[in-house]
Amino acid sequence: MRRKRSIFLSLSLLVGSFLVFCARRLYEYAASPDKEKESDFVFPADSDQLKPGTFLAATKSPKVTFEQLGGFANDASHLNKTAIYGIVHVTSEDDIRNALQFARDNHLKVTCAGQQHSMGGQTLTHGGLLLDLRDFNRIRLDKEHKRVNIQTGARWWQLQRLLDQAGLSVKSMQSINIFSVGGTLSVNAHGIDPRPGPVSPTVRSMRIMLSSGEIVEASPSQNAELFSHALGGYGLFGVILDADLDIVDNEMYSREISYMDYSQYPQYYKANVETDKSVGLVYGRLSVSPRTFLRETAIQIYAKTKFDRALPPVEPARHNTLDRFIINFSKTGALGRWLRWTLEKNAEPRLHNCVTRNQAMNQKEACLVTRNDEMYDDMAYLQNRLRDTDILQEYFIPYDRMPEFVDGLRGVVQQNRANLLNVTIRTVHRDAVTALPYATQDMFGFVLYFNVRFNENDNEILKKTTIDLIDVAEKAGGTFYLPYQLFYSREQLQRAYPNINQFFAMKKKYDPAGLFTNKFYEKYGAG
């Protein structure tokens with residue numbers, strides 16, 4: 001009897017411990033962060049970038065307001081912790097001009113930052129002066145001409161809230177609205193509206209402060225050379241102060257989802273999206289579920305539809321906790337990936353933030369969403385308390401070469417055992433605006449989302465995966481995106497961007513003192 005009781009108690013303790021472990025895991029996967037994620041892990045390892053510098057300010061330098069003096073800065077990768085001179089709090093053009101003078105007087109390099117969502121140190125330099133532009137955010141709306149003048153520290157969500165009240169909408173931006181406008185312009189980002197694709201065609205003009213403090217107005221017809229280099233110029237040509245952007249009407253869309261084999265996607269897109277002017281937004285997604293891995297493909301099409309009532313105001317997401325749990329559980333392996341894809345196919349359409357029947361009145365039962373609501377996404381569910389980080393990559397592939405690229409992607413990820421969480425497909429049309437175009441013809445943009453822990457093994461795997469995928473993209477006639485980790489060779493960069501040497505030469509023309517820099521330029525262009 002005592003033995004049975006002992007066994008029962010042992011089993012009870014074991015089951016209880018297991019349940020406590022599971023409950024703790026469930027909480028960790030679902031909980032929102034309670035503080036900014038920090039990491040002392042740097043990859044690739046570089047002990048020099050963690051060494052604090054010692055600087056003495058020139059006595060005659062103009063006064064600048066520091067929100068941080070000394071210490072460190074990082075970017076969204078959480079892998080680029082870098083010792084800096086300090087962070088300047090910017091609210092005005094004078095703040096920027098004084099900061100540049102301070103840097104010249106004290107022989108400091110300058111980087112500009114908004115949300116710092118680049119992942120290869122494009123907003124960082126060791127011992128540098130970092131300009132925090134987020135409070136440099138005035139917005140002026142010209143409703144009559146459907147144009148907005150916006151300072152570059154403003155975040156897209158701030159513009160969206162203003163436009164939504166006026167029945168207007170952003171024309172082009174990333175699919176997430178937390179980024180700064182200046183960051184978007186500096187990388188020539190793209191989004192889910194297939195017409196402009198990249199943001200560059202929506203930019204009418206920009207005012208740029210050069211390293212001397214001079215302000216230059218640049219547009220496709222005025223100072224066009226500077227315009228084409230600063231737009232997608234990674235902050236190397238000057239501080240973009242503000243920009244005039246085209247905006248459009250807010251609209252009601254009917255949302256439809258179709259599933260197909262990846263090999264059918266280009267033909268389906270050409271037949272159902274490419275020439276259909278009623279399509280306002282569109283994107284695809286490749287399955288990461290084990291049985292349909294990078295084969296089954298979803299396409300979500302948002303077509304303009306008649307709506308007889310006032311458009312409802314934009315609403316924040318309602319399922320962040322559930323979404324956070326699902327995405328974090330999918331990091332753990334095959335079961336999590338299968339569950340996520342299954343829920344996206346079967347449950348997400350029912351949970352999507354569609355207009356209610358009472359709002360739609362006599363509308364059909366299709367999911368109706370406004371343009372603003374679909375583009376208003378802060379993806380808060382991607383923020384977590386886990387000791388890991390999520391890394392973005394993007395590749396641009398001609399429509400008809402998509403199957404070739406996806407086959408290569410599947411092979412590389414499986415061979416290297418990289419932790420690939422998501423693949424989204426966007427549309428990017430040929431870029432005839434910027435000096436460093438990633439889309440040399442009409443292409444699909446593949447946005448890849450990887451997960452790594454803060455250790456050497458995971459990051460070495462992703463480094464090799466990145467190098468391999470750049471080769472796969474090149475063989476398929478494609479290119480790769482530059483705001484991310486700096487794993488590629490100079491030769492890979494040169495082949496993907498044949499104009500890169502001219503680009504760096506123009507940087508020296510407009511910034512002869514070499515005031516503006518970042519880790520991308522220091523690795524590939526400063527020599």
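Trainee: What's the strand order in the open sheet of 8 strands?
Mentor: This is a predicted model. In it, the order runs S16-S13-S15-S14-S18-S19-S17-S20. The pairing is antiparallel.

Trainee: Which strands sit at the edges?
Mentor: Strand S16 (367-370) and strand S20 (479-480). Each of them pairs on one side only.

Trainee: How many bridges link S18 and S19?
Mentor: There are 8 bridges between strand S18 (residues 420-428) and strand S19 (residues 443-453), in the antiparallel sense. As one example, Leu420 is placed opposite Phe450 in S19.

Trainee: Which strands does helix H6 lie across?
Mentor: Helix H6 (residues 265-274) lies across strand S13 (252-261), strand S14 (279-286), strand S15 (296-304), S18 and S19. Relative to S15, helix H6 runs at about 10°.

Trainee: Switching to the open sheet of 4 strands. What's the order there?
Mentor: S1-S4-S6-S5, with mixed pairing. Strand S1 (66-69) and strand S5 (110-113) are the edge strands. On average, neighbouring strands of this sheet are turned by 20° against each other, ignoring direction.

Trainee: Do S5 and S6 run parallel or antiparallel?
Mentor: Parallel, with 4 bridges joining S5 to strand S6 (residues 129-132). Thr111 has Leu130 in S6 as its bridge partner.

Trainee: And what does helix H2 lie across?
Mentor: Helix H2 (residues 93-105) lies across S1, strand S4 (86-89), S5 and S6. The helix runs at about 175° to S6.

Trainee: New topic, rings. How many aromatic pairs does the structure hold?
Mentor: The count is 30 aromatic pairs. Take Phe237 and Phe503: their ring centres are 5.2 Å apart and their planes are at 70°, so this pair is edge-to-face.

Trainee: Where do Phe237 and Phe503 lie?
Mentor: Phe237 is in the loop between helix H5 (224-230) and strand S12 (239-249), while Phe503 is in helix H15 (residues 500-510). The pair therefore ties together parts that are 266 residues apart in sequence.

Trainee: Is Phe237 buried or exposed?
Mentor: Buried, at a relative accessible area of 1%. Phe503 is buried too, with a relative accessible area of 1%.

Trainee: How are the planes set in the pair of Phe480 and Tyr488?
Mentor: That pair is tilted, with 50° between the planes and 4.8 Å centre to centre. Phe480 is buried at 3% relative accessible area. Tyr488 counts as buried at 2% relative accessibility.

Trainee: Which residues form the aromatic cluster?
Mentor: Tyr234, Phe237, Phe480, Tyr488, Tyr497, Phe503, Phe504, Tyr510, Phe520, Tyr521 and Tyr524 form one cluster. So both pairs we went through belong to it, because Phe237, Phe503, Phe480 and Tyr488 are members.

Trainee: Which ring does the charged end of Lys507 sit over?
Mentor: The ring of Tyr521, at 5.1 Å from its centre. Tyr521 is one of the cluster residues. Elsewhere, Arg410 lies over the face of Tyr262, 5.1 Å from the ring centre.

Trainee: Last one, Gln492. Where is its place?
Mentor: In helix H14 (residues 490-496). Gln492 is buried, with a relative accessible area of 5%.

Trainee: What joins the side chains of Gln492 and Asp471?
Mentor: A polar contact of 3.0 Å.

Trainee: Which residues is Gln492 in contact with, leaving aside neighbours within four places in sequence?
Mentor: Ile467, Ile470, Asp471 and Phe480. Phe480 also pairs with Tyr488, as above.

Methods. Residues numbered from 1 in each chain as written. Predicted model: local features only at pLDDT ≥ 70, side-chain atom pairs only at ≥ 80, totals over all residues. Heavy atoms only, no water. Phe/Tyr/Trp six-rings, centres within 6.5 Å; stacked < 30°, edge-to-face > 60°. Helix = DSSP H or I, 4+ residues; strand = E, 2+ residues; numbered from the N terminus. Buried < 20%, exposed > 50% of the residue type's maximum accessible area, 1.4 Å probe, protein only. Lys NZ or Arg CZ within 6 Å of the ring centre and 35° of its normal. Polar contact = N/O pair within 3.5 Å; in protein donor to acceptor, adjacent residues only side chain to side chain. Contact = heavy atoms within 4.5 Å. Pairing = 2+ DSSP bridges. Axes fitted to C-alpha atoms, helices over the stretch in contact; angles between N-to-C directions.
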